[in-house]
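Work through these exercises with the model in view. Try each task before you read its solution.

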Amino acid sequence: MTEFLAVDGGTIAYEVTGAGPLVVLAHGMGDSRESYRFVVPQLVAAGYRVANVDLRGAGESSAVWPSYSRTDIAGDLLAVVRHLGGPAVLVGQSISGGAVTVAAAQAPDLVEGIVQIAPFTRKQAIKLGDLRVKSYRTGMTRLLLMAMLGSVKWWHKYLDMAFPNRKPADWSAQLQRNAAMLAEPGRMKALQKMGQTPATDAGAQLGNVRCPVLVVEGSLDPDWASPRAEGEAIVAELPAGLGELEVIEGAGHYPHTQYPDETVAVLLPFLKAYARA
């Protein structure tokens, strides 16, 4: 059942399932909490209370906001934790990987640990050598066309690359749900604006994180020429000993949707170690 939380600037939608230590899930831009549809039941079965959140601008949350930065999203997630009664482990994918980093640095009393899945947490710089990697070059081109044209077609062309090797069994339904969401007033504009927000705010907070961090990368993520190198760079910018990296072979930018069992397999040991009631 969808619940709603009023925050400054709009309303955040979320759904709570299960009982136990609190785990808050946050998806990437242009998506919705459906992104975690295969993960939530497994976490609930493992004994966790899971709050699956629609980001500002997405899903059933308000579409139009003054801004869509990682710091803004962090504030929304912390509001959900406070409302539900924390502390919590925060799991964020893509832009939300950066957001949970900000949240951990800003409210260490509310955040026991963070998981960054395929995260945009550091300032991105395109290197000439990176453009030699075809998947990276093509993925960035499709994202750029989506951003310039406000095009669902080009967004879905990007998603086709971001789910390499295999698609979820409900892939056609996923694309239909996504297209319907982005057709709602303000949703595509929110996606475009979110894509324009730099990760500098999250990168600046990496050194201020004090809780354990798990970074999960897909080995075939087209958003980086080398996903493993990006994950290693994030861990290196954290205080020594806090971060660990897991790479899911064959996965793209959405390992939690594409390879949910493998993703849960790396999540559960982290949650067992750091999530508490």
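Helices (H or I, at least four residues) and strands (E, at least two) are DSSP runs, numbered from the N terminus. The model is predicted: local features need pLDDT of at least 70, side-chain atom pairs count only at pLDDT 80 or more, and totals for chains, interfaces and linings use all residues. Residues are numbered from 1 along each chain as its sequence is written, and side-chain values use heavy atoms, with hydrogens and water left out.

**Exercise 1.** Find the helix that holds Met 148, and decide: is Met 148 buried or exposed?

*Solution.* Step 1: Met 148 lies in helix α4, residues 134-149. Step 2: apply the cut-offs. Buried means under 20% relative accessible area, exposed over 50%, partly exposed in between (1.4 Å probe, protein chains only). Step 3: Met 148 has a relative accessible area of 59%, so Met 148 is exposed.

**Exercise 2.** Where does Ser 61 lie, and which residues does Ser 61 touch?

*Solution.* Step 1: Ser 61 lies in the loop between β4 (49-53) and α2. Step 2: the relative accessibility of Ser 61 is 1%, so Ser 61 counts as buried. Step 3: list contacts (heavy atoms within 4.5 Å). Leaving out residues up to four places away in sequence, Ser 61 touches Thr 11, Ile 12, Ala 13, Asp 54, Leu 55, Arg 56 and Arg 187.

**Exercise 3.** Which residues of helix α7 are buried, and what do they pack against?

*Solution.* Step 1: helix α7 spans residues 187-196. Its buried residues are Arg 187, Met 188, Ala 190, Leu 191, Gln 192 and Met 194. Step 2: these pack against α3 (95-106), α4, α5 (152-162) and α6 (171-182).
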